[in-house]
Each structure stands twice: as structure tokens, then as C-alpha cells.
Amino acid sequence: MKIGDLVMWTEYAAGWSDGPQQGETAGILVRRLPRRLRLNGRRLSADRVEVLDFEGDHFIVRVAMVEASK
């Protein structure tokens, strides 16, 4: 996935209750967020991305929740 790609929800995201269906359009990828690290260097957060949906809202999700449209 690269910035500007149209992204869709994955099967992982569809597993949440009242969540989107797999393959539904999530929006446009705006940016990738760097991992946050603890003081000892261990990973604190998963890879995340910011998505702009078609209603103009920005939201941040884990990379596993969206995939680039084909």
C-alpha cells in the first residue's frame, strides 16, 4: 500500500461486531504512522495507517485491517 491508494476492509476488520463487511471501501490512504517504541526499544504499537473516508473523516487503523484495492 502506498499513499493515495484506495483501501478496502480486510477479513480481519470484518470479524468485529457491527464492523464493515470484507471488501467494502474504507477510503483513501493518507499516511503511514511510525511505530511507537517503549524506552527499552520494544515495540509498543503495531503498524498503523491514517485513512480518509468519503464523508471527510480521518481515522487511524492497524495495517492488518485494510488492504489496497485491486
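**Salt bridges, sheet pairing and packing in a predicted model**

The side chains of Glu50 and Arg31 meet in a salt bridge, with an N to O distance of 2.3 Å; a salt bridge is defined here as a side-chain nitrogen of Lys or Arg within 4 Å of a carboxyl oxygen of Asp or Glu. This pair links distant parts of the chain, Glu50 lying in strand S3 and Arg31 in strand S2, 19 residues apart. Residues are numbered from 1 along each chain as its sequence is written, and side-chain values use heavy atoms, with hydrogens and water left out.

Glu50 has a relative accessibility of 10% and therefore counts as buried, while Arg31, at 40%, is partly exposed. In this classification, buried means under 20% relative accessible area, exposed means over 50%, and partly exposed covers the range in between (1.4 Å probe, protein chains only). The structure holds 2 salt bridges. Lys2 takes part in a salt bridge with Asp5, in which the closest N and O atoms are 3.4 Å apart. Lys2 is exposed at 56% relative accessibility, and Asp5 is buried at 16%. Side chains of opposite charge can pair when their charged atoms come close.

The strands form an open sheet of 5 members in the order S4-S3-S2-S1-S5, with antiparallel pairing. Strands (E, at least two residues) and helices (H or I, at least four residues) are DSSP runs numbered from the N terminus, and two strands are taken to pair if DSSP finds at least two bridges between them. The edges of the sheet are S4 and strand S5 (66-68), each of which pairs on one side only. From one strand to the next, the twist averages 45°; axes are lines fitted to C-alpha atoms, for helices over the stretch in contact, and angles run from 0 to 180 degrees between N-to-C directions.

Within the sheet, S1 and S2 run antiparallel and are joined by 3 bridges, with Val7 standing opposite Gly27 in S2. S2 is in turn joined to strand S3 (residues 48-52) by 5 bridges, again in antiparallel orientation; here Leu29 has Val51 of S3 as its bridge partner. A further 5 bridges connect S3 to S4, which also run antiparallel, and Val49 stands opposite Val61 in S4. S3 and S4 form a hairpin with 5 residues between them, and Gly56 in the turn has a positive phi of about 90°. S3 is mostly covered, since 4 of its 5 residues are buried.

The structure holds 1 aromatic pair. The rings of Trp9 and Phe59 have centres 5.8 Å apart and planes at 15°, so the pair is classed as stacked. Under the criterion applied, rings of Phe, Tyr and Trp (its six-membered ring) pair if their centres lie within 6.5 Å, and planes under 30 degrees apart count as stacked, over 60 as edge-to-face and the rest as tilted. Trp9 belongs to strand S1 (residues 6-9) and Phe59 to strand S4 (residues 58-62), 50 residues apart, and the pair thus links distant parts of the chain. Trp9 counts as buried, with 13% relative accessibility.

Ala13, found in helix H1 (residues 11-14), is buried at 1% relative accessibility. The C-alpha atoms of Ala13 and Val61 are separated by 9.6 Å, although the two residues are 48 residues apart along the chain. Val63 is located in the loop between S4 and S5 and is partly exposed at 22% relative accessibility. From Val63 to Glu50, the C-alpha to C-alpha distance is 9.4 Å, for a sequence separation of 13 residues.

On the surface, Leu6, Ile28 and Phe54 form a nonpolar patch with about 270 Å² of accessible area together. Patches consist of residues with over 30% relative accessible area and no salt bridge, like charges being joined within 9 Å and nonpolar side chains (Val, Leu, Ile, Met, Phe, Trp, Tyr) within 5 Å. Accessible areas come from the Shrake-Rupley method with a 1.4 Å probe, and for residues only the protein chains shown count as cover. Ile28 lies in strand S2 (residues 25-33) and is partly exposed, with a relative accessible area of 33%.

Definitions and conventions:
This is a predicted model: local features need pLDDT of at least 70, side-chain atom pairs count only at pLDDT 80 or more; totals for chains, interfaces and linings use all residues.
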